[in-house]
Every structure is written in structure tokens, then in C-alpha cells.
Amino acid sequence: MAKLYSVPQRVRDGGQQPIRSMSDYTDVSNQWVEHPNDFWLAETKKSLSWEDEPSVGLEGDYHTVCHEPFSWFADGRLNVTESCLDRHVRSQPDKTAIIWEGDEPGDGRTLTYRELHAEVCRAAAALRRLGVCSGDRVIIYMGMVPEAAVAMLACARIGAVHSVVFGGFSSEALRDRIDDCGAKLVITQDQGLRGGRPIPLKATVDDALAKTDLVQSVLVYRRTGIEVGWVDNRDVWWHEAVVDGTDMVSGPEYVHSEHPLFILYTSGSTGRPKGLVHTCAGYLTYTAYTHRTVFDLRPDDVYACVADVGWITGHSYIVYGPLANGATSLMFESTPLYPDAGRYWDLVERHKVSIFYTAPTAIRALAAHGEEPVDKYDISSLRVLGTVGEPINPDAWEWYYSVVGKNRCNIVDTWWQTETGGICIAPVASATPTKAGSATLPLPGIRPVLIDPATQKTRAGPAQGHLCLEHSWPGQARTVWGDHARFVQTYFSTYPGLYFTGDGCRRDDDGYYWITGRIDDVLNVSGHRMGTAEFEAALVSNDAVAEAAVVGYPHAIKGQGVYAFVVLNSNNGNVPIDQLNQTVRTAIGAHARVDRFQSVPGLPKTRSGKVMRRILRKVAEGQTDALGDISTLADQSVVAAIIQGAATQR
Ligand code: WT7
């Protein structure tokens with residue numbers, strides 16, 4: 001039995017959120033069970049600023065979703081930036097909203113709620129002058145600068161729909177997203193900076209736009225001052241456009257609750273990335289609720305989530321959740337290892353961070369450097385430590401708990417997804433006893449169900465199965481942009497009446513949940529979600545490759561590594577590794593790389609031509625003695641050749 005860690009005294013003391021003990025947790029969960037709609041209606045009215053308050057909660061369900069998206073609070077009207085900015089300007093104008101820490105230690109600045117509000121209004125006015133209207137799509141391709149958050153909020157202010165594309169994506173990947181959502185405007189910067197290295201953001205945008213003519217304007221924030229290519233009548237400097245003007249119309253555009261707030265592209269097991277759509281009211285309600293509940297937010301907290309705004313974590317827990325709660329949120333431009341492995345702890349000491357949220361991959365990378373870089377700094381301000389993005393192994397958890405947390409912080413291992421909008425399974429910092437490696441218990445309003453894939457039946461009690469969620473919550477994505485059928489197919493058709501997460505999961509004797517990882521063909525490399533199908537499409541686009549199958553394998557730091565089995569066109573057996581990785585980089589981005597290549601004479605296929613990936617996964621994991629039944633293969637001899645090839649490669 002895994003050890004149960006009780007909530008440390010100083011985390012239990014002084015909490016001001018409603019859930020402060022396990023009996024509170026049970027009470028609040030039961031309130032939801034008894035009246036789910038009243039629960040969320042009360043929550044949204046309490047935590048958001050409404051122009052017209054809603055009277056309805058959830059409409060629709062996981063059956064009616066086939067015909068139309070379900071909705072939350074549909075008869076309400078609001079603008080999310082009033083909840084994130086205006087009301088805080090009235091009550092706490094001089095509180096720091098954003099602490100920005102630049103790439104070089106100590107380089108940075110802070111914005112108060114008053115300053116952030118003013119900058120968002122200026123940017124909103126600039127977007128309006130550039131012809132952006134409510135409902136128009138805007139791509140944001142930036143690094144971790146405060147202007148990225150300003151850009152997101154400025155879109156929200158005028159009802160425009162933002163789609164942030166992570167700055168590591170290639171020009172091809174960026175162009176696909178621009179085309180898919182039909183963006184009118186792109187916001188970018190001259191260069192990004194990360195770990196002392198420049199990232200050519202504007203040049204990549206120029207490349208992407210060379211083959212598409214949807215985009216009318218490009219707004220460019222100057223970060224490093226390097227000279228960049230310029231297209232007259234299209235490109236506009238941020239510092240020239242985002243200024244006070246006489247025509248400044250910065251008032252909020254009120255929209256209905258279900259107006260799209262943003263589109264975020266994410267990888268699935270098949271085809272191209274899909275643009276998940278999150279809508280205004282439900283998303284903000286849920287991110288605000290989960291942010292203050294899970295982290296036990298207190299008025300004086302300095303909260304630091306070191307994710308990137310290009311992923312859902314940055315949207316929900318750097319920008320929207322914290323700002324809706326009037327918190328101080330830190331944005332970090334650099335990496336955990338720049339200039340050395342003490343960077344996070346230097347950050348914590350200088351800014352007196354009390355809540356720190358990172359990913360298991362960073363914890364593992366830092367643990368490899370030992371305790372000395374941590375012990376150099378005074379990190380006694382820490383109270384709650386969060387992790388997200390992939391399963392955390394108990395060793396990494398215990399290192400985080402004892403070396404960083406000094407046994408006096410609670411660890412919140414938060415399970416959720418781009419699709420869920422916010423945290424679904426996690427400890428409540430002030431209440432839930434933890435176990436190393438478990439995301440613990442569902443938040444109030446979340447109903448996990450474990451399904452036996454063989455029988456399609458629900459498994460009760462301690463069990464293992466496919467993780468599904470039974471009832472909608474306000475933060476759930478509503479559709480896939482432009483393809484509702486794909487949304488239904490991907491999430492609601494495997495187990496009718498349930499939302500299928502794509503994760504495997506175990507529930508122990510105490511009802512605690514242990515996520516075991518994806519059961520589909522989605523890779524999670526250093527917390528970056530990528531589809532095996534995207535790698536395969538890139539590899540076969542290279543003339544050297546006839547066929548390719550890509551699988552994940554366990555990797556000590558990255559969680560998963562990428563293993564590619566390739567059938568080459570020439571039979572000299574030499575894999576042109578650098579050339580193929582360059583092709584992958586061009587198609588996907590700098591964060592995508594194959595770790596291991598194996599040249600094979602053929603792929604193991606069934607008689608109907610389907611690649612049996614199960615076999616390849618076992619080979620990649622080095623478990624060639626446990627291949628299972630291979631009798632349905634068209635040609636069993638390729639398996640022996642693949643096993644032999646893998647053995648000589650090791
Ligand atoms: C997938 C979602 C959630 C924001 C960042 C990733 C995995 C996420 C955990 C966790 C085990 C986790 C799952 C999930 N995952 N958090 N605490 N424990 N696995 O969002 O890119 O949409 O990826 O990340 O496999 O399905 P994402």
C-alpha cells in the first residue's frame with residue numbers, strides 16, 4: 001500500500017477557501033450531487049462579473065452532443081475581461097497582476113491590475129482599428145512575454161477568438177492552424193528568447209504567410225530589437241499601434257456565455273491536430289474555481305506556473321484562472337536549466353513564490369542535478385507545489401516533496417487535458433492527504449468512471465480501465481472548430497453516454513486515482529502532446545522513407561521517447577537520421593524529434609493491412625518476450641527480423 005501523506009500543518013492553517021478538510025470535501029461534493037446545476041450557477045454568479053446573469057446551467061448531454069454542442073449558462077451575457085481586470089481595478093488597482101521574469105535572471109517587470117487593464121484596452125483598440133471584429137479569429141504566435149497575455153485578453157475584450165500557437169511550432173504547422181481557423185490577423189514578436197537562444201518568431205510567421213492570403217495584418221511586438229523582414233501594408237509594430245488614441249474604443253464587447261473564447265489545437269491519435277473550442281463563461285468559471293480550490297489560493301500568494309501560454313496550462317493557469325481570481329501570476333520566459341539548475345529556486349527566492357506549478361519532466365531533469373542547486377536558495381515561501389502534464393513517478397514526487405517542499409508543502413498532482421479546460425482529478429491542497437504518484441480524488445462536479453475495454457462495462461471499487469467522465473462540467477471543450485462530427489467521434493462514440501479521455505487509469509482501495517498514461521496513439525514527450533500519425537506523415541514525406549510507424553517508449557527524463565520504425569526506399573540499411581529529423585522539425589516544430597530509428601524490412605500488418613502497433617510498442621520497450629498473439633499477422637517473419645534488428649541496435 002502506498003504511503004498516505006497528511007496535509008502539513010502550515011498548509012492546513014490559514015486557508016480561506018470553502019474546502020479545508022476531507023469532511024468539507026465530502027460536503028461540497030455532495031452539494032453538487034444533489035443539485036448539479038444550482039451548484040455551478042451559484043459558483044459562476046459568485047465568481048464572475050456578469051452583464052446579464054444566467055438562469056440556466058447545463059443544457060444538453062453526452063447523447064444530444066451528436067446533434068449539437070451542450071451548453072452552460074446559455075442565457076447569460078458577459079465579457080470575461082471584466083472578471084479578469086475591471087473589477088480588480090476597482091477593488092485592488094495597485095496589486096501586482098503579472099510578474100514577468102525574462103530569460104536573463106533578474107530581467108523583467110511587473111504590471112499592476114491598473115496597468116494591465118490599460119494595456120489590454122490599448123491593445124483592444126488597436127485590434128479594432130486593424131479591423132478585427134467580434135467572432136474574428138486571431139493567431140497569437142509569441143514567446144513568454146506579458147504582451148502574449150495582453151494579446152489574449154485584448155481579443156477577449158472585443159469578442160475576437162484567439163488561437164495561441166506554441167512558439168516551437170514550425171511555419172508549416174503554423175500555416176495549417178491559420179488556414180484551419182481562417183485567421184484574419186497574427187500577433188507575433190521579432191524574436192523569442194529562451195535559455196539564451198533566440199527563436200525566430202517573425203521570420204516563421206513570414207514563411208507561413210507566404211503560402212496563404214487569409215491574413216490581413218501582422219502585429220509585431222519588439223522583444224530583442226533584431227532587424228526583421230517587413231511587408232508594408234501588412235505588418236504593424238505593436239509599439240506604434242498599441243498606444244493611447246483619440247479613437248480609442250476600449251469598452252468591452254458583451255457576448256453570450258457560449259461565445260467562443262479561444263481555439264487551441266492539440267494532437268489526437270489520427271489525422272491533423274484538432275482545434276478545440278472553449279467558450280467564455282463556462283471556461284472562466286471552471287478555471288477560476290479550480291485554481292483557487294486546488295491551490296488553496298490566498299490573497300497574498302505569489303503564484304508561479306512555469307508552463308508556456310502556447311499550451312492549455314498557460315491559458316488556464318497563468319492567464320485566465322489566476323486573473324479571474326485577482327491573483328498575482330508570474331510569467332517565466334526561460335528554462336529550468338538556464339543559466340543553471342538553480343533557476344527556479346532563484347526565482348522563488350527573489351519573488352517569494354508561495355505556489356509553484358511545473359511538470360514532472362522538469363522535476364526529473366532537476367532531480368538529476370541533486371540537492372545543492374535547491375539548497376543554495378531560501379525557498380521557505382513555498383506552500384503548495386503542483387505538477388501537471390504526465391504521470392509523475394513516485395521517485396520524482398518524493399524528491400519534489402522532500403527536497404523542494406522540505407516536507408512542509410502539499411503536492412498537488414493535477415490530472416486534466418486540453419479538452420477538459422481545467423483540473424479534474426487532483427488533491428485540494430488544504431484538505432486532501434496525498435500519495436506519491438497519484439492524482440488522488442476527483443474535484444466536486446467530476447465523475448470518473450473506469451471502463452473495462454473488453455466488456456465495455458463499468459468497473460466499481462478498486463479496478464483498472466479506460467478513464468471516462470460521466471457528467472459535463474462548465475470548463476469542458478464544446479466542439480472541434482469546423483468539425484463537430486470529429487468531436488463527437490473522438491470523445492463520445494467509444495462509450496456512448498460518457499466522455500472518453502484516452503487515458504488508462506487505476507483506482508485503489510481508498511478510491512484514489514492513478515493515471516497510467518495514454519491508451520491511444522498520442523505521445524507525451526516532456527509534457528508535449530504529439531500524435532504518432534503526425535510523425536509518420538512527416539517521415540513518409542521524405543523520399544528516403546517508404547513506410548513508417550512511430551511509437552513511444554519509456555524515457556527517464558522526458559517520460560516518453562519517440563521510436564520510429566522505418567522501411568527505407570534504398571536497401572543499404574543506413575537511416576539518414578539527421579535528414580529525417582530535419583523533415584520532422586520542418587513539419588511539426590523544434591520540439592519534435594525522433595530519439596531512436598530502426599530500419600526494418602517491413603511493418604507487422606494484419607491481413608487487412610493495419611499496422612499492429614502493439615507489437616512495435618513491445619519491441620520499443622525492449623519486451624520482446626511478451627509480444628502476445630501474432631497469428632493474425634499477414635507475414636509473421638517480419639516480427640523476427642524486427643526483434644533481431646532491435647537487439648543488434650541496443
Ligand atoms: C494528457 C493531456 C493538462 C495540461 C497539460 C497537458 C496527460 C496530464 C497528468 C497527470 C498523469 C497526465 C494525460 C492527458 N496528463 N496531466 N497529472 N498525471 N497524466 O494537456 O496536452 O492536453 O495532454 O496529459 O495523458 O490525457 P494535454
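**Helix packing and aromatic pairs**

Helix α6 (residues 146-158) packs against helix α11 (residues 312-324) at an angle of about 55°, and their axes lie 11 Å apart. Here axes are lines fitted to C-alpha atoms over the stretch in contact, with angles running from 0 to 180 degrees between N-to-C directions. The two helices, α6 and α11, are therefore oblique to each other. The contact is made by A149, M152, L153 and A156 of α6 together with H315, V319, Y320 and L323 of α11 (heavy atoms within 4.5 Å). By class, this contact of α6 with α11 holds seven nonpolar residues, one polar and no charged ones.

This is a predicted model, in which local features need pLDDT of at least 70, side-chain atom pairs count only at pLDDT 80 or more, and totals for chains, interfaces and linings use all residues. Residues are numbered from 1 along each chain as its sequence is written, and side-chain values use heavy atoms, leaving out hydrogens and water.

Turning to the aromatic rings, a search of the whole structure finds 38 aromatic pairs (ring centres within 6.5 Å, with the six-membered ring used for Trp). Elsewhere, Y62, F70, W473, F487, Y491, F492 and Y499 form one aromatic cluster. Helices (H or I, at least four residues) and strands (E, at least two) are DSSP runs, numbered from the N terminus.

Note on methods. Angles under 35 degrees count as roughly parallel, over 145 as roughly antiparallel, 65 to 115 as roughly perpendicular and the rest as oblique. Ala, Val, Leu, Ile, Met, Phe, Trp, Tyr, Cys and Pro count as nonpolar, Asp, Glu, Lys and Arg as charged, and the others, Gly among them, as polar. Rings of Phe, Tyr and Trp (its six-membered ring) pair if their centres lie within 6.5 Å; planes under 30 degrees apart count as stacked, over 60 as edge-to-face and the rest as tilted.
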